[in-house]
Amino acid sequence: MRNDMKDLTQNIRKVAFGLLSLLVILFIYLSYIQVVQSEFLLTHPLNRRTIEAAHTTQYGMILDRNDEKLAYSKKEGDIFKRKYPYAAIAAQVVGYDSVTYGRSGMESAFNGDLTGNSTSVAHLGAISHVLGKKAGNNVTLTLDINVQETAYKALGNHKGAIVAINPKTGAILAMVSKPSFDPNMIDQQWKNISTDENSPLLNRVTQGLYPPGSTIKVMIAEAALKEKITDLKRTIFCEASLKIPPDYILQESHLEAYGNINLEKALAVSSNVFFGTLSLELGRNRMANTFERFGFNKYPVGQDLQEVASHLPKFSSLGDGDLAQTGIGQGSLLVTPLRMAMLTSSFANKGKIMKPYLVHKITDSDGNLMKTFTPEEWLIPTSSQLADEISKMMVGVVQNGTGSSASLPGVLVAGKTGTAENPQGDSHAWFIGFAPADNPQVAIAVIVENAGFGGSIAAPIARQVFRAALQ
Amino acid sequence: MINIRQLERNLLVVAGIIMLNGILAVSLAHEFIDYQVLGAAVLIFTGFMMVNAVLCKAGHVGDPLFLPLAAVLVGLGLITILRIKPELFMLQVIWVSVGLGAFVVSVFLSRRLEQIAYFKYLCGFIGVALLLSAIVFGVDIGGNKNWIIMGPIRFQPSEFAKIFIVLFLAAYLSERRELLTLATKHYGPFVLPHPRFIAPLITVWSIGMLMFILQRDMGAALLYFGLAIIMTYMVSGRFSYVIIGMSLFLIGSIICYNFYSHIQVRVDIWLNPWSDPSGRAYQIVQSLFALGSGGIIGSGLTYGFPTMIPEVHTDFIFAAIGEEMGLMGAGAVIMFYIIMIYRAFRASMLSLMPFSMMVAAGLAVSMALQTFLIIGGVIKFFPLTGITLPFISYGGSSIVSNFILLGMLFSISEVRGYNAK
Amino acid sequence: MPNKGLVLNIIGIILQYSLLGLIYYFLSKVIKSVYTDLNQFGQRSNSSTKNGINKSDLHKPAKLLVVDSGHIKLTQTSFFLENTIYLGRNEQNGIIIDDSFVSHEHASINKDQHGYWLTDLHSTNKTYLNGQPIAEATLLKNDDLIKIGAVTFSFKG
């Protein structure tokens, strides 16, 4: 009997050992899930916790440069909901915030600051919620909502984009993209917004790629002067078209024959033949260098602008016809409106391009300064003297050339129009420029999709934006 | 050496402080202190202390760790229920009070545990009847078709059936242990016990299979089947029974897998939950999100989102603890179970009568299997089975039956006292 | 009163962490108790394999534990053994077993330098030690089972 009991005890001991081992294995597996897999599970896109958590604290505000509220949180029931007083006007810049569809724009890029939750305390348990419990930090943009609103209205019902930069600092004053959407209604209208073929979610200023058309001629003019292919006096005899062997014919847009004209005149009338000729004389290498000098191959620039890279032709294998086309902003060359505004600003800022930036400063909910962004130099593509010569010619474009509709009384406006042919339909109307030319405060790029001539469509819009920006 | 009831009392005080601390933490985070809730918590604490006093007065020398471990698990359960389903808190308090009463009664009755052996067939009959009643009259509540509704009372018979089945198997097996080790028949390479001997085991196995097939209750099926196999092994010491039993179960499972789509779904989402995270695997994926988001320290009570998991207050309560109290909390819960189950086996091994040894071991096995199945399911270590977490999950049947079970273990642990010299 | 809110907040947070701290305090106490018990358990099984009683054990009182009371109402579930204790139906006995099968003075256990001796006091229904009726005084070993009437005791020495 005793022996028998001993066997039983032995067997029970084995079973106990086996089952308790299973529980120990469970403990080890739990540790694996909660430690090793933790990050993966926490940041998994289907895990709604981070978004939900953010809605239980009051986000900071997004403000324009004059402390106008562009986005703020309002308590509705248990959670905070984002409100956008300017609705569609700055929708792509400010972005949206949705439990279901995530975030975009500044809401996404500065989410960490807006929620006040920095990652350093996120793993400390309950304490992190108290540290993050007070309202998040406010983000002040460089945007001027008045300029933004003017630009938004000036575009009317057209599709297109407008960007205005302070050329001396790189601060972005306005960034309009149309069509737009109402971020207040993102949850209700998501389906329409996200499937709209006109892509209202796309920020055309940084993500729209367009042929620059004649606006690129200011850069070709600079290159020709820099490489001493021409001077201000040299004249070229311009017929209505230019034959480029073997079989390409470059035409003036209205088939005018300008006769003997110099660079300034050629820019004012936007002569394709003149700039086609200059491009051919510059040749592939120097053309490629010029685009490089102005940073068209350098991406990205600045903080969280979510830029798309320009599309440059492969210069080394470019035929003469295509090279001439590139020189008048056609062919396979595609750029963003932001880059054209930056190109413009280099002539407005004595040959320097400042880094464009959207966020001026971050303050906490009590107004204490947390972080401030100072202007930064990005590139010096050209000399102050050359910049001066180009800007004088651009003033000529507005005073007695294609850009006359951009002129403002009492203000010296410099500019260049463009009418970019494209496969989607009517030409895109372009205008780039800055004002006042003697002390530039604002450089802009305007593109109106499939709307016709730059001089008649884009230049008047630019005038309104100049007026608002210089007030 | 301090008195064992004194030790029990000290530990109960700590467990009580843990419960009050957690309830206050939840209340403060909600910025609302409900004095009824606090009162109820104090009541539960007093209940545990009274049980301790009764045990002390009656001169019981049972294991002093059982009651405090139950108290700390119940406390964590109450904290979590207050956090995720406050409307069920008071009900759970009532269940725990009933459970404490059941514990005392169970301790008292189990002093004459040996006499129960005479009524083994009655026990077996009650156990089988409870299980069959769930199969026949079972009502589907929250995805598990194992509820019985009698007027205002609804309960899960399988929670109680396990106690009767353990008693029956323990009595039956301990009586026939010579038979089991000696009287065997050889069928080719297999050594099988006498058919008369394994008849009741076959019955338990068939009921397990029936529950599996008819009720989709894979958890209960595994529990009863595992119980039958392991208890047979303990008596016979023959591993071949385990292998035969497991093969039978595997064959059954494979048949079920091929014929029943819901079993396939359960297994498929276990193998690859990320193939359908928003659909069929929603629950388990949400559970993993909760555990992962909790990390080591957890989000803190009320700061997580455990309510994103469906059925979080019963089957998935462990994931809620894992999210808000992190690995620190959830890991401690597993350790509490490990210690409680270890002590149950210890009581079994120190016991003098084969019958009480088998009862204690059987109860320990059932608790271990249940804990393993549900925690394993929640953390995706094992296919998910709908089964409750002892002492923590919300539910009257679960709480009361586990207190009865604990009372029996406590009583068995008395035979050789804790500090008997 | 923003200060009151802040204080409550801080208390709330402290409680969150103290909860975890307390859980581990509890766990450590439980583990400590398990550990000391394990040590004793080991020592105890060592001493019992020597098939005798350690000298030191003699200083501690031995004990009778009720293993099976068999319907009979006993005053206690365990009894400490003094120098001499009598078992039987009489009120004067140290351990009273109110069972018609038990004699008035059924058996006795007395202690000397060797240990505890069980003696049957010529009872009608005999005293059983580990299933065998005893004829003469027998030295008790740890875990011996003593059956008197319907009651079974386990000797702990």
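A polar contact is a pair of N or O atoms within 3.5 Å; within protein, one must be able to donate a hydrogen and the other to accept it, and residues adjacent in sequence count only if both atoms are side-chain atoms.

First, the ground rules. This is a predicted model, where local features need pLDDT of at least 70, side-chain atom pairs count only at pLDDT 80 or more, and totals for chains, interfaces and linings use all residues. Residues are numbered from 1 along each chain as its sequence is written, chains are lettered from A and ligands numbered from 1 in the order in which they are written, and side-chain values use heavy atoms, with hydrogens and water left out.

Let's start with the interface of chain B and chain A. How many residue pairs are in polar contact across it? The rule finds five, both partners at pLDDT 80 or more. By a salt bridge I mean a side-chain nitrogen of Lys or Arg within 4 Å of a carboxyl oxygen of Asp or Glu.

Now the elements. Helices (H or I, at least four residues) and strands (E, at least two) are DSSP runs, numbered from the N terminus. On the side of chain B that touches chain A, the elements giving two or more residues are α8 (177-182), α10 (218-236), α13 (282-294), α14 (317-324), α15 (326-350) and α16 (354-378). Which gives the most? That is α15(B), with twelve residues. By class, this side of chain B has 40 nonpolar, 18 polar and four charged residues. For the classes, Ala, Val, Leu, Ile, Met, Phe, Trp, Tyr, Cys and Pro count as nonpolar, Asp, Glu, Lys and Arg as charged, and the others, Gly among them, as polar.

Next, contacts and area. Contact means heavy atoms within 4.5 Å. On that rule, 62 residues of chain B touch 40 residues of chain A. The area buried between the two chains is about 4,400 Å², and carbon and sulfur atoms give 76% of it. Buried area here is the accessible area (1.4 Å probe) that two parts lose on being put together, summed over both. Three residues to look up: F289(B), F305(B) and M349(B). They supply 14% of the area that chain B buries against chain A, more than any other three residues.

Chain B as a whole. It has 17 helices and five strands. Of its 421 residues, 66% count as buried. Buried means under 20% relative accessible area, exposed over 50%, partly exposed in between (1.4 Å probe, protein chains only). Take the contacts in chain B between residues at least 6 apart in sequence: 74% join residues at least 24 apart.

On to salt bridges. Side chains of opposite charge can pair when their charged atoms come close. The whole structure has 18 salt bridges over all chains.

One is R234(A) with E281(A), at 2.9 Å, N to O. R234(A) sits in the loop between α11 (217-226) and β9 (236-238), and E281(A) in helix α13 (residues 272-293) of chain A, so the pair ties together parts 47 residues apart in sequence.

Another is E376(A) with K355(A), at 3.6 Å, N to O. E376(A) lies in the loop between β15 (369-372) and β16 (377-379), K355(A) in the loop between β13 (353-354) and β14 (359-363), so this pair joins parts 21 residues apart in sequence. E376(A) is partly exposed at 43%. K355(A) is partly exposed at 25%.

Then R83(B) with E324(B), at 2.8 Å, N to O. R83(B) is in helix α3 (residues 66-84) and E324(B) in helix α14 of chain B, so parts 241 residues apart in sequence are tied together. R83(B) is buried, at 12% relative accessibility. E324(B) is buried too, at 4%. Also in chain B, salt bridges that share partners join D63(B), R343(B) and R346(B) into one network.

Last stop, chain C. An open sheet of six strands runs β2-β1-β11-β10-β7-β8, with antiparallel pairing. Two strands pair if DSSP finds at least two bridges between them. The edge strands of chain C are β2 (78-80) and β8 (132-133), each pairing on one side only. Four bridges join β10 (residues 145-148) to β11 (residues 151-156) of chain C. There, I148(C) stands opposite V151(C).
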